[in-house]
Amino acid sequence: TALPLAQKALAGADDYIDEYATSQLVWEHPTLSSGNYDDVGARLICLYDISGSIDSAEYDVQLKAMAAAVQSQDFRDAIFFHGGPQSLAICFASYGDQMWLDIPWLDIRKGENHKFKILADEVRKLYRRQYGLTYQVKALNFAAGVFDNCPWQSNRHVIDITTDGKDNFGYPDKEAALQEVIGRLAKKYDATVNALVTTGPSEADLESWAREHLVTNVAHVKKDGSYLEPG
């Protein structure tokens, strides 16, 4: 089910959130979709780093960690316990300086607990598509197009992004570009961006950098006037 994004050679494409919503992608999982198109409680995009700084061991750790999370009781509880969204649409996408929608959107509803294991098994087997540069701005732009093409509607949106490095491709002022796209995601979708980073000697300040630049900050106000949950 891993399908490459057809790249667009458009000047300034990164300035527009939905430039990456292309008709060439398959947006709905062919076997795990329920066929029920009622709204879901939340939509979750899992974005994971496949840039060149991610070695094969770290790539494997990412897959195992995401699979373990999907299959965990904590994840089920977060969806179905009191106060949770009660249903979820989820997909997985990888990024370096190109983007791939590896596992298209599928929905998980009450009574569909079998999907957690099947999805986790698919995540563990994901094929690596690239060893490239790191381009989180482009990845988050792509996520906007993925939201636009979700088969299920929701008023709650989350992006979980994992990485081991800062943007090293794209705009000269990369932090400003990140803040702009995160702000647009918050404004258009009320989307919260969370980040999980792995650090080493060359990126000792990555956690503090991610807290400042890669997650949704506390200043964003939702359409209903309440504060958006920060990343």
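## Two helices side by side

In this predicted model, helix H1 (residues 56-71) packs with helix H3 (residues 114-124) at an angle of about 175°, and their axes are 8 Å apart. Because angles over 145 degrees count as roughly antiparallel, H1 is roughly antiparallel to H3.

Which residues in H1 meet residues in H3? On the H1 side they are Leu63, Met66, Ala67, Val70 and Gln71, while H3 brings Phe116, Lys117, Leu119, Ala120, Val123 and Arg124.

## A covered helix

Now turn to helix H4, which runs over residues 136-148 and has 13 residues. From its first C-alpha to its last it reaches 19 Å, close to the 18 Å expected at 1.5 Å a residue.

Is H4 mostly covered or mostly uncovered? It is mostly covered, with twelve of its 13 residues buried. Among them are Leu140, Phe142, Val146 and Phe147, but also Gln136, Lys138 and Asn141.

In soluble globular proteins, nonpolar side chains tend to be buried together. Here the largest nonpolar core has 38 residues, and those with the most contacts inside it are Ile45, Leu47, Trp105, Leu140, Val146, Ile159 and Leu185. Several elements each supply at least two residues of this core, including strand S2 (42-49), strand S4 (99-108), strand S5 (157-163) and helix H6 (206-213). H4 gives the most, with eight residues.

Leaving aside its neighbours within four places in sequence, Ile159 is in contact with Ile45, Leu47, Leu140, Ala143, Phe147, Leu185, Thr192, Val193 and Asn194. Another core, of 28 residues, lies apart from the largest one; Leu32, Ile50, Phe80 and Ile108 are among its members.

## Two residues with a positive phi

Most residues other than glycine have a negative phi. Gln86, which is not a glycine, has a positive phi of about 75°. You can find Gln86 in the loop between helix H2 (73-80) and S3, where it is partly exposed, with a relative accessible area of 25%.

Asp190 also has a positive phi, near 50°, and is a residue other than glycine. Its place is in the loop between helix H5 (174-189) and strand S6 (191-197). Why does Asp190 count as buried? Its relative accessibility is 12%, and buried means under 20%. Beyond its neighbours within four places in sequence, Asp190 is in contact with His157, Leu185, Lys222, Lys223 and Leu228.

Technical notes. Residues are numbered from 1 along each chain as its sequence is written. This is a predicted model: local features need pLDDT of at least 70, side-chain atom pairs count only at pLDDT 80 or more; totals for chains, interfaces and linings use all residues. Side-chain values use heavy atoms; hydrogens and water are left out. Helices (H or I, at least four residues) and strands (E, at least two) are DSSP runs, numbered from the N terminus. The expected span of a helix is 1.5 Å times one less than its number of residues. Buried means under 20% relative accessible area, exposed over 50%, partly exposed in between (1.4 Å probe, protein chains only). Axes are lines fitted to C-alpha atoms, for helices over the stretch in contact, and angles run from 0 to 180 degrees between N-to-C directions. Angles under 35 degrees count as roughly parallel, over 145 as roughly antiparallel, 65 to 115 as roughly perpendicular and the rest as oblique. Contact means heavy atoms within 4.5 Å. A nonpolar core is a set of buried Ala, Val, Leu, Ile, Met, Phe, Trp, Tyr and Cys residues joined through side-chain atoms within 4.5 Å.
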